[in-house]
Amino acid sequence: MWCHRLSHLQSSLQDLLRGRVICWALQQPSFNSLFPLAVHWHHTASKYPNCAWQQHEDHFELQYANTVMRFDYVWLRDHCRSASCYNSKTHQRSLDTASVDLCIKPKTVRLDETTLFFTWPDGHVTRYDLDWLVQNSYEGQKQKVVQPRILWNAEIYQQAQVPSVDFQSFLETNEGLKNFLENFLLYGIAFVENVPPTQEHTEKLAERISLIRETIYGRMWYFTSDFSRGDTAYTKLALDRHTDTTYFQEPCGIQVFHCLKHEGTGGRTLLVDGFYAAEQVLQKAPEEFDLLSKVPLKHEYIENVGECHNHMIGVGPVLNIYPWNKELYLIRYNNYDRAVINTVPYDVVHRWYTAHRTLTIELRRPENEFWVKLKPGRVLFIDNWRVLHGRESFTGYRQLCGCYLTRDDVLNTARLLGLQA
Ligand SMILES: C[N+](C)(C)CCCC[C@H](N)C(=O)O
Ligand SMILES: O=C(O)CCC(=O)C(=O)O
Ligand SMILES: [Fe+2]
């Protein structure tokens, strides 16, 4: 290992002075410590040519695997995986983070092969594998997607010829379940075939991948156009594309539909990839995408029909993105259930309507519409955080059963099968 001075010493010094301010007020350190090791880059010997680090006054900088990473010292102390700080059997932290000095700095840092050793003022040693740091750094995460997806319009989806999974293999084999989940995660919709057309068999399917999310509509629901509930879903009317339960603080993650019977005409199901449409908005009008991801809205469900009395309110923007990588993870879009907008000043309201219009135009492009006729035996799973559904008006007797699933538990099953979710 060898050290040398770098030409960008000046900018490092500026960093250093800037970083200093925070701790200065708290600690009043001696002037000498203004010029610590920080101006030196440490490079590894030729055996590990791609690693270099620098100890700044308020952070640790690491270059490894083509990534420049910056770590806060409290972070480095907090994530210590030593036996006294972390229980590796339960994967839980034992260290009391509040006991860490917010101005903590390592006494020494050294590298041995691919492990960095930090010795803290009290003598405690924390070791980090370089690859672990890359995997777990902000800079590493920023470049990664949480959920790989294939965004689609009708043509893309149809060309992909995504296979359905058979009921038997879904229930009895891990490959069947894994294939299903893989496609479901990629496209946000997936079908199971040859399911006996009963509510019990539909329930069995649901329970194979998740916990059923019981809601005001029940655990398993079973509905016809009898207007038994205060919602247009319970009629024969057409329903424009929407996501369900936008009026929950956490909209239901997955929706399962099984059409048990239809003696009549119409009633086809419409599916639209909301993320594909949102991506078009991002390309064409990024500031509108931004607005849709920032303006909070309410959705509401008010019901007073027979014995059913409910009043639900959910708050959140139309587009929900992870702040660190801007990845979209949830779209709330239901123009029927959108409540009075009273959380937004008038000028923003107008810009919001413009952005909402742009998104609606994308969602309504005929080429983005994928139409299917649900039939007994063919169960449809929809990612209700991504794919919008709707239906054509219909005639005759139509029976639909299904349920909602808790998203965490679907993702849990996927991860246990080795999928990225
Ligand atoms: C599926 N099931 C018929 C039970 C629910 C219907 C909920 C309809 C509501 N407008 C929404 O979009 O959330
Ligand atoms: O009747 C249908 O096909 C779907 C109705 C609907 O949107 C729903 O139940 O959530
Ligand atoms: Fe719906």
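Guide: First, strands and helices: both are DSSP runs, helices being H or I with at least four residues and strands E with at least two, numbered from the N terminus. The model is predicted, so local features need pLDDT of at least 70 and side-chain atom pairs pLDDT 80 or more, while totals for chains, interfaces and linings use all residues. Residues are numbered from 1 along each chain, chains are lettered from A and ligands numbered from 1 as written, and side-chain values use heavy atoms, without hydrogens and water.

Visitor: Which strands each supply at least two residues of the lining of the largest pocket?

Guide: They are β14 (220-223), β15 (239-242), β16 (254-263), β24 (387-391) and β25 (397-405).

Visitor: What makes a residue part of a lining?

Guide: On a 1 Å grid over the protein atoms alone, a pocket is an open set of points where a 1.4 Å probe fits, with protein on both sides within 12 Å along at least five of seven lines; a lining residue has an atom within 4 Å of a point. For the largest pocket, 25 residues qualify. Ala-233, Leu-239, His-242, Asp-244 and His-389 lie nearest its centre.

Visitor: What volume does the largest pocket have?

Guide: About 400 Å³. Volume is the space filled by probe spheres set on the grid points, which are joined across faces, edges and corners.

Visitor: How many residues line the second largest pocket?

Guide: The second largest pocket has 14 lining residues and about 260 Å³ of space. Helix α9 (residues 274-284) gives the largest share of that lining, three residues.
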